Amino acid sequence: MTTNGKMKNIYLYARFERLWHWLQTLLIIILLLTGFEVHGAFALFGFWNAVEVHNFVGLTWLIAFAFFAFWIFTTGEWRQYIPTTKKMLAVMRYYMYGIFRGEPHPVPKRKEAKHNPLQRIVYLILAAILLPVQMVSGFLYWGYNSWGNWGLSWLSLQVVALIHTAGAFAILSFIVVHVYMITTGHTIFAHTRAMITGWEEVADEESVGDWEYKTKAKAA
Amino acid sequence: MEIAEKKNSLCICLVLLACGVMLMAAVAEAAAPKENQAPGRSMAQQATKSKKLWRTSDHSKHKVLQKDFISGAELTQACISCHSEAETQFHKTIHWTWLADPAEKERLYGKAGNSLNNFCISTNKTKDAGCLSCHPGWGKTKETAVNCLVCHSQTKMNFDEAITDIKGFLAEGDDESREMAREIQAELRAAAQDIGLPARQNCGSCHFYGGGGDGVKHGDLDTSLVKPSKTLDVHMGVDGQNFTCTRCHTTSLHNISGRVYTQPAATHRKSLVEDDLANKITCESCHTSQPHKSGQKMNEHTDKVACQSCHIPDFARVNPTKMSWDWAKAGKLKDGKKFKTKDEFGKFDYMSIKGQMKWAKHVKPEYHWYNGVIKSVTARDKIDPSGIVKVSWPEGERQDANSRIYPFKVHKGNQPYDKVNQTLLMPLLSGKQGYWNHLDWDKALTVGQTSMDLPFSGEFDFVETAYVFPITHMVAPKDKPLSCRECHSKTDSRLADLKGFYMPGRDASKLLNFAGWGAVLGSLIGVLIHALGRFLSRGNGRNRKKEEE
């Protein structure tokens, strides 16, 4: 994005959304640290503490996620995650080429369209597949001793554990890229500021296509 | 607008209030003088509360015990004159028969039967007199009266020796010898009047010396348990519960509970809540199967991991125990004479009559699946000498609901076997005809096998063997169990050899780890290159644009 053209502040992220984002950030970081300690990658809290903390935070996340799912469906915000191929190539071209040339972002953020096509697909995979898989596999892992009672004796702990580990690697990779990508705003901390205050500075309206809005009617 | 704001602040107030109430409740709970200990501990404390037994009899006042005894049989008779059924009961127990099940004639497990080990190997059906010093009768044969004092006298004394001396002095007949005899008789009388339930010292006079010396056999049973500290054994510690052996090895009709060869110590893991007359032989008897604080992961280990595995981090913590015994090295002479050498513990590590031996202290157990049954090779069983012969080995597997991961001492041996008949051999050791006298294997093996009514081809060699002891004593205090990492570790897990199941922290897929860290590293390198690109193209090209302007 460039500072060319008119810039304006829009309120992009609701209070709940921001709270959710940072709460989840905290939970995931703790889960990654304790999880990889149990996995044997390093020693930090000690195995016992790592297990206790991991279990507690994991269950907390599971409950918290239910609130997020409720919010996203009741507010209709889920529409922001509907994947699209439109302008996908343009966005990819931008990050691979245009960004070095100082070109403007092909899909600027708008209140009703806060994710570009690439974000839509990535966040959809994250929120609808990766995180649920991680939570379900984690919950099963946690409930290992009850598998008999749950009628899940056929499950293999190894399979569940490996899926859970694979999920952790995927989330860690996501975080690496995500943390980097938020520095690609018109200033290094523009996106971070938006996720803290809710207000994002964006280029003027014109460049947003109608198709990007979650409702047919263009926001006035 | 105003109404909305009021509603908002009301909501916030309510939430804050709710938080405050919950916080106060949590603080109140933490501050309450609640006994915060594991339920299994409370249960055990309840189950063992009345520690002081009361007595209705003072044995020093019994007329039958106030005489000068001249034989063991006479003394036994005095006991039986009141305890009319005691001897009959005792004759049926393994402590007397040295047979696991006298009715079972084929395999005939037991010291007096076909069982053997890799220490002194066999009692040659009790024909090796050296072994009989531990038989609870008078003298060194099995055909005598029961010596009640070995188990019941609270005075430490060599009763056999006392009787032999009394008889000897009385036979000499002179006044001085009579006086000597009377003195010993007085001591013996005092010991016979000093009667009680077996103390640690009584059981230990044999069980602490199994294998021919202090701590040789078990590793978790030696003289350090006569007066142990709480740190050595949290139950038996004299500064703690001060349990005697029979506190757990509960007894009925002189039958003392405990494992007998292939018979498990307990077939059901019942707590006293489920069965108030159950043997207290298992940990669960008093501590229940969910002994830890509710919600703790260890409660979810008890279905697969024996209590002993974590609560006995190592054995032989005070006295050393024998870890290996190589009979093949026996028979060496120095200047034509038998000799011995000592190791750093002051224990014999070489003896001409026994061979090479290795002692160790603070030994980490080996862990195996165990359902309470120890399978063993008998003198009649064919062996495969191409590998290590498992003379005794735990039975159990992961899929079996009764099996737990259990700690063991594994004693390595190298002992004679018949190359033609493919059986282990039972040399006679003590006495004139025994190996210890003449150091001639041929002779000792021939006599030994004959005593067992078993064939010997004359061709023998030595084979490596293993013999297991379940580790169950020397339970460390609750603050000194194994740490999780001792097992949940990639590099030096104590359970490294137990395969066939996934264990967090120990197991992982190398491929997944490689791919996973590869992806993370790849992402990192990718974004760094991208960042470098942005940096070199002067910050998203912003600067250049500005310059152009």
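Start with chain B, where the C-alpha centres of domain 1 and domain 3 lie 87 Å apart. The domain assignment for this chain puts domain 1 at residues 59-196, domain 2 at 312-486 and domain 3 at 510-548. Keep in mind that you're looking at a predicted model, so it's worth checking the confidence before going on. For the complex, the predictor reports an ipTM of 0.87 and a pTM of 0.87. Chain B averages a pLDDT of 90, with 91% of its residues scoring at least 70.

Within chain A, take a look at how two helices pack. A packed pair like this is described by the angle between the axes and the distance between them. Helix α1(A), residues 15-39, and helix α2(A), residues 47-74, have axes that come within 9 Å and cross at roughly 155°. That angle is over 145 degrees, so α1(A) and α2(A) count as roughly antiparallel. The crossing of α1(A) past α2(A) is left-handed. On the α1(A) side, the contact residues include Phe16(A), Trp20(A), Leu23(A) and Leu27(A), and α2(A) contributes, among others, Phe47(A), Trp61(A), Phe68(A) and Trp71(A). By class, this contact has 16 nonpolar, five polar and one charged residues.

Next, how do the two chains meet? In the model, 26 residues of chain A are in contact with 28 residues of chain B. On chain A's side, the elements giving two or more residues are α1, α2, α3 (88-101) and α5 (157-181). Of these, α5(A) gives the most, with 12 residues. The chain A side divides into 15 nonpolar, 10 polar and one charged residues.

Follow α5(A) across to chain B and you'll find helix α14(B), residues 510-536. The axes of α5(A) and α14(B) come within 9 Å and cross at roughly 5°. With an angle under 35 degrees, α5(A) and α14(B) are therefore roughly parallel. Among the α5(A) residues here are Leu162(A), Ala166(A), Phe169(A), Val176(A) and Tyr180(A), and they belong to a contact with α14(B) residues including Leu512(B), Gly516(B), Val520(B), Leu524(B) and Val527(B). This contact between α5(A) and α14(B) has 13 nonpolar residues, four polar and no charged.

How values were computed:
Residues numbered from 1 in each chain as written. Chains lettered and ligands numbered in written order. Predicted model: local features only at pLDDT ≥ 70, side-chain atom pairs only at ≥ 80, totals over all residues. Axes fitted to C-alpha atoms, helices over the stretch in contact; angles between N-to-C directions. Helix = DSSP H or I, 4+ residues; strand = E, 2+ residues; numbered from the N terminus. Parallel < 35°, antiparallel > 145°, perpendicular 65-115°, else oblique. Left-handed = near helix turned anticlockwise from the far one by under 90°. Contact = placed C-beta atoms within 7 Å. Nonpolar A, V, L, I, M, F, W, Y, C, P; charged D, E, K, R; others polar. pLDDT = per-residue confidence, 0-100. Domains from an automatic or database assignment.
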